[in-house]
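Q: Could you walk me through reading this model, one feature at a time?
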Amino acid sequence: KGKCPEDGWDESTIELFLHELAIMDSNNFLGNCGVGEREGRVASGLVARRHYRLIHGIGRSGDISAVQPKAAGSSLLNKLTNSVVLDIIKLAGVRTVTNCFVVPMATGMSLTLCFLTLRHKRPKAKYIIWPRIDQKSCFKSMITAGFEPVVIENVLEGDELRTDIEAVEAKIKDLGAESILCVHSTTSCFAPRVPDRLEELAVICANYDIPHIVNNAYGVQSSKCMHLIQQGARVGRIDAFVQSLDKNFMVPVGGAIIAGFNESFIQEISKMYPGRASASPSLDVLITLLSLGASGYKQLLKERKEMFSYLSSELKKLADNHNERLLDTPHNPISLAMSLKNLDENNDAAVTQLGSMLFTRQVSGARVVPCGSVQTVNNYTFKGFMSHANDYPCAYLNAASAIGIKKQDVDVFLKRLDKCLKTFGKEAKKEESVNEISNSNTVTEQPED
């Protein structure tokens, strides 16, 4: 049926299935006589076993989704993976998606592929409208494709940074719809930035007949992000949305899924990929989904949501104990931010020092964001880089509840963060007492009568 099985398979069944696929590839035929330049020959037995002897990769030179006659097993693997992944995207909340394919590139390069496909449809276009998100790969994806990003600054609403819809529409009117390749929006992001207003952007794109590409990097694991995409497609226009395999399915880095609502456009993107492609990302995600089953993946999504609530409540308690606060970002379903005002006021370097302390204590993934840092990316200068705004009101620390996180991860993180913040508190008190002693020992001259 081409769908993810409800219950996961055991490892021996998955291996048997992969071996059956592998013996359909010509390089594994007993009497095969290869006289071409690409015959699936592998020098190392270890490498052959690592790939289950599926050596030919996927696609043909003109289309990554095409069937390769001498690699029937690999071709079947590719078709099944795309079909199973499509089923999971529907299960995760985007019910009306019509087509998708796994591409052996991470999110940034996959976005570039989408932009290059649109180039042929819009030859006069040179700009991409991009609501600002301080993440280098999605910015570089536009530069690499040869387009000029038009950065739309976010609007501060309470603690949240949200899409400036009026500024987007004003810029479209200013530049002219024909000169704009697409609107490039984002769902999953670091707090205090929250997912873009996808519905409003989709309506604008439909009204001005401008394509809309969504960076949904780690949004598959969030029902809220997937709901935004579904709603955007329902009320307006979304041409494609791109998500990472490693962030959403816990596989090694190196693959992404390009999905959309117009089957022919997604096929055009797949045909834009030059040459054959590695089957490794497809193999990894298929093994993972067969192992989990639909029920196993749904359980992981449920646990992630529960851990988000737990992380949020516990981080709020810790923030209160240190006279800080958990920033109020209800529209962000994955990432949280805690203010670091006390550190920022006491010492400019203290914020970045906290990041170093956490890293040396084996806390990975937590980001500390100081105020006012400046970064230049491809000749574009971003003020307040990493905070998604020129002047965010305070320094802060990020933590996220992503798929696969466990209660133990949250507890250990909070314990280590608490210890680090206490260290800073002791140092601040020590410095204060030294200053008091020094002030009391200072003799001041009395004025003459």
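Q: Among contacts in the chain between residues at least 6 apart in sequence, how many join residues at least 24 apart?

A: Some ground rules come with that. This is a predicted model, where local features need pLDDT of at least 70 and side-chain atom pairs count only at pLDDT 80 or more, while totals for chains, interfaces and linings use all residues. Residues are numbered from 1 along each chain as its sequence is written, and side-chain values use heavy atoms, with hydrogens and water left out. Contact means heavy atoms within 4.5 Å. Here, 73% of those contacts join residues at least 24 apart.

Q: What share of the residues count as buried?

A: Buried means under 20% relative accessible area, exposed over 50%, and partly exposed in between (1.4 Å probe, protein chains only). Of the 449 residues, 51% count as buried.

Q: Why does Phe-241 count as buried?

A: Because its relative accessibility is 0%. Phe-241 lies in strand S8 (residues 240-244). Not counting residues up to four places away in sequence, Phe-241 touches a set of residues including Ile-89, Val-97, Val-214, Ile-257 and Phe-261. Also, Phe-241 and Asn-215 are 26 residues apart in sequence, yet their C-alphas are 5.9 Å apart in space.

Q: What does the UniProt annotation say about Lys-247?

A: UniProt positions are given in the numbering used here, feature names are shortened, and annotations may be inferred rather than shown by experiment. The unreviewed entry has "modified residue: N6-(pyridoxal phosphate)lysine" covering Lys-247. In the model, Lys-247 sits in helix H9 (residues 245-249) and is partly exposed, with a relative accessible area of 34%. Leaving aside neighbours within four places in sequence, Lys-247 is in contact with Thr-107, Ala-217, Tyr-218, Gln-221 and Ile-403.

Q: At what angle do helix H1 and helix H3 pack?

A: Axes are lines fitted to C-alpha atoms, for helices over the stretch in contact, and angles run from 0 to 180 degrees between N-to-C directions. Angles under 35 degrees count as roughly parallel, over 145 as roughly antiparallel, 65 to 115 as roughly perpendicular and the rest as oblique. H1 (residues 11-22) and H3 (residues 72-92) pack at about 130°, with axes 7 Å apart, and are therefore oblique to each other. Phe-17, Leu-18 and Leu-21 in H1 meet Gly-73, Leu-76, Leu-77 and Leu-80 in H3.

Note on methods. Helix = DSSP H or I, 4+ residues; strand = E, 2+ residues; numbered from the N terminus.
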